[in-house]
Amino acid sequence: MQPTPDFEAYARTLQRVMQAAVDEAESLRDQARAERDAAHADRMSAQDILHELDQAGRIAAQDYVQQHRRELNAQLRLELQALVATKLLNSGQTAAEIAETLQVPAAWVERVQKT
Amino acid sequence: MANWMNVVNLCRCWRDANNMGETFYARAFILQGVGGVKFGRQEISLPFRKIFMETEPPHAGEYAAILQKMLTENETAAEAVRVAGRQDLAEALVEREAAREHLQGIQANRDRYLAEYTEQHRRELLGQMRRSMQETLAQELLEAGEDEVEALLDLPKREIDDIRMRIGQRKLGKQFAWVEYESAGRGGYVTFRRGKTRCRFWHDLGAGKALMVIEVPDEARWETETSIPLAEREAVLRFIGEDTILHQAPGHLFRIDSNSIVILAPF
């Protein structure tokens with residue numbers, strides 16, 4: 001008759017092998033977590049810097065517009081009036097009619113027409 | 001029976017292993033004399049019924065073969081656990097590196113980012129100013145009698161309609177019309193506007209129930225003085241009367257006579 005296998009010894013072996021694997025996996029998982037935390041911190045830092053630069057850019061743009069509001073408005077008005085004048089010229093209106101509508105000198109409309 | 005007890009103990013060991021970690025679990029179960037053992041996703045069936053029911057235990061060599069198979073599969077499962085851990089760490093390292101590079105890229109290019117943000121906000125503000133200027137010009141063009149303002153300034157019809165409402169333009173036939181008021185002492189002028197048409201009528205204070213009298217050409221002189229077809233006279237005078245009540249004398253009434261519009265007190 002063959003001896004009965006030592007089941008307890010088999011069980012201990014199974015447990016030991018698996019415990020070692022789990023220990024290693026948990027250690028790897030902890031390292032992975034630390035790396036992910038560090039990545040998250042880097043992303044947060046990047047976001048903070050971008051936000052700060054965005055705010056600085058907003059203020060710089062507001063300052064610029066504030067300082068040049070008059071010229072910018074005049075430029076926009078001229079640009080839009082030229083656009084309207086061109087469309088009205090294309091629709092057949094005369095420079096004099098357009099000048100009256102836009103309240104601008106006829107010579108200016110004629111210049112638009114030439115360009 | 002001794003063999004059976006050993007199998008039960010073995011199962012207990014595996015059951016205890018269930019709590020060892022998140023990624024691996026071992027589970028043993030015995031149910032109504034039928035048993036099995038599960039490692040991870042792999043299940044190994046043991047002939048528990050046979051062990052339990054038979055009076056004679058199976059040959060010990062059979063147990064050895066079964067348990068050897070378990071050992072092999074256990075090692076495979078353990079390796080799978082390690083591989084999964086290494087894979088997870090590798091992915092985390094890639095993620096970290098990407099985040100680090102992104103941060104370093106921003107730190108190294110602060111000036112460029114600042115210039116881009118400044119330009120972006122400048123464009124937004126200029127866009128708002130342009131929009132505002134378009135509305136100003138739209139109003140000026142509408143007041144100058146232009147009909148195609150949407151197309152001229154590329155503005156939505158809804159916005160043009162809002163401006164028209166704000167400056168009191170309403171539909172009269174196929175065109176928009178409006179009335180302008182000027183005071184000059186006891187009286188003043190009421191100007192009817194439609195497109196390029198502009199008709200100016202004198203108005204004076206009334207007497208009695210009449211609050212105000214707007215002098216208009218009679219039918220005979222209408223077309224000569226207004227350049228508006230006689231067929232439209234009634235509609236134009238009604239429009240002026242309604243507008244005057246709306247903007248100058250709320251709650252009053254009006255009456256159209258042969259050469260005037262009379263604004264009347266309600267009682």
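# Helix packing, cores and the chain contact

Modeller: This is a predicted model. In chain B, α4(B) packs against helix α6, residues 157–166, at an angle of about 60°, and their axes lie 10 Å apart.

Colleague: Which residues of α6(B) make the contact?

Modeller: Take the two sides in turn. α4(B) brings B:Glu135, B:Ala138, B:Gln139 and B:Leu142. By class, the residues of this contact are four nonpolar, one polar and two charged. The α6(B) side consists of B:Ile160, B:Ile163 and B:Arg164.

Colleague: Which element gives the largest share of the largest nonpolar core?

Modeller: This core has 18 residues, and A:Val84, A:Ala85, B:Leu137, B:Ala138, B:Val149 and B:Leu153 touch the most other members. From chain A, α2 (69–90), α3 (95–102) and α4 (106–114) each give two or more residues, as do α4 (110–143) and α5 (149–153) of chain B. The largest share is five residues, and it comes from α4(B).

Colleague: Which residues of chain A are in contact with B:Leu153?

Modeller: Set aside its neighbours within four places in sequence. Within chain B, B:Leu153 is then in contact with B:Gln134, B:Leu137 and B:Ala138.

Colleague: Which element supplies the largest share of the side of chain A that touches chain B?

Modeller: Here 51 residues of chain A are in contact with 60 residues of chain B. On the chain A side, α1 (7–67) and α2 each supply at least two residues. By class, that side has 28 nonpolar, eleven polar and twelve charged residues. The largest share, 39 residues, comes from α1(A).

Colleague: What percentage of the residues in chain B is buried?

Modeller: Chain B holds eight helices and ten strands. Its length is 267 residues. A residue counts as buried if 20 or more other C-beta atoms lie within 10 Å of its own. In chain B the buried share is 25%.

Key:
Residues numbered from 1 in each chain as written. Chains lettered and ligands numbered in written order. Predicted model: local features only at pLDDT ≥ 70, side-chain atom pairs only at ≥ 80, totals over all residues. Helix = DSSP H or I, 4+ residues; strand = E, 2+ residues; numbered from the N terminus. Buried ≥ 20, exposed ≤ 12 C-beta atoms within 10 Å, placed from the backbone. Core = buried A, V, L, I, M, F, W, Y, C linked by C-beta atoms within 7 Å. Contact = placed C-beta atoms within 7 Å. Nonpolar A, V, L, I, M, F, W, Y, C, P; charged D, E, K, R; others polar. Axes fitted to C-alpha atoms, helices over the stretch in contact; angles between N-to-C directions.
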